[in-house]
Amino acid sequence: MKSLNFAASAVIAVAALSINLCLAPAAFAADEFSLAKSDGELAPASDAASNRPPATFFTISDVLAKLDRQRGRGPSAIRTAALTPANTATDALPASKPLPPEGTEPFGLFTFRAPENTLWRKWRGLEFDLAKERTVLEQCRENVAGCPSNAAQFLRLISAVKAKAGRERLDEANRAVNQVIRYVSDFAQHGEADRWTAPLASFATGKGDCEDYAIAKYIALSEAGFPREDLRLVLGRDRAIRQDHAVLAARLDGHWLILDSRRSDLVDDGELGHFTPMFAINDRGVQLFAAPYAKRLPLGDEADAAPAAATAADGEWTGVEELDTASPLPGFLPVLM
């Protein structure tokens, strides 16, 4: 009888253990599922379809936040997946910086490379002539006795410019070149609408037009030690007389001053309200002026830079400059000297 009671007790114990073992996976899955819902994790999958918990949805931000909490960054740590940590390499382009309200080029404008055109061919041809004249100047420095008179005259001008400093250096270059060269149009002198002449050739004839004045000042200041990156040959449109005109712009102490063949004094670029600049030329080549974004009102969603001469009546450089010398503008030098 005792053996039967013991056997019955054993059977009941085994049955209870079996029931507990069968119920354990479901309870475990339920716990995991509740954790997954609270923590935002996906519960491990089970091979038995009957024991697999319902699908759990989570976000990358939840996973990143849990990792941050595990690493001791606080219980309320939040990190967005779209943000790149500082120590993570990425090929994403950096955020563009807002453009300044004014450019650093003359007249508060910006410049960008002009397309290949006639101006580029003229500039490259002039650079070739300038290289040849530079050789002549070097030979003159070594052999003063054999130096041509026009080269010797230009070297004296360079020495006078070099002896000055600051604004006086620019003023000396402007006045000296204006006194040496007499204005004559390219058509009258060469039978061409527009020719750019190197300084020694202009000094040999004592004649030239507005570009020739500006080129001579550009080379004289460069040879005197003025940084070329602070010089610009500026081609534009003088709206006061409706003619093309060329000047030299020089940057001094962060400000652009204009050396003009029609003026004996220097003027600030902001004082030439009637002048529309179109092209800037120096060692970088031919650059096209563009108005800053902040200076023009966008049309709809358009916010592109516009050429500075886009609103001019005729913004194409022709190189033809005809002036009425009988009635020069107030404050201007006589065109014919």
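Me: How are axes and angles defined here?
Reply: Axes are lines fitted to C-alpha atoms, for helices over the stretch in contact. The angles lie between N-to-C directions and run from 0 to 180 degrees. This is a predicted model, in which local features need pLDDT of at least 70, side-chain atom pairs count only at pLDDT 80 or more, and totals for chains, interfaces and linings use all residues. Residues are numbered from 1 along each chain as its sequence is written, and side-chain values use heavy atoms, leaving out hydrogens and water.

Me: At roughly what angle do the axes of α5 and α8 cross?
Reply: Helices (H or I, at least four residues) are DSSP runs numbered from the N terminus. Helix α5 covers residues 167-180 and helix α8 residues 210-223. Their axes come within 10 Å and cross at roughly 140 degrees.

Me: Which class do α5 and α8 fall into by their angle?
Reply: Angles under 35 degrees count as roughly parallel, over 145 as roughly antiparallel, 65 to 115 as roughly perpendicular and the rest as oblique. The pair α5 and α8 is therefore oblique.

Me: Which residues of α8 meet α4?
Reply: Contact means heavy atoms within 4.5 Å. From α4, the residues are Phe 154, Leu 157, Ile 158 and Val 161. On α8 they are Ala 216, Ile 219, Ala 220, Leu 221 and Glu 223.

Me: At roughly what angle do the axes of α4 and α8 cross?
Reply: Helix α4 spans residues 149-162, and its axis comes within 8 Å of that of α8. The two helices are oblique. Their axes cross at roughly 60 degrees.
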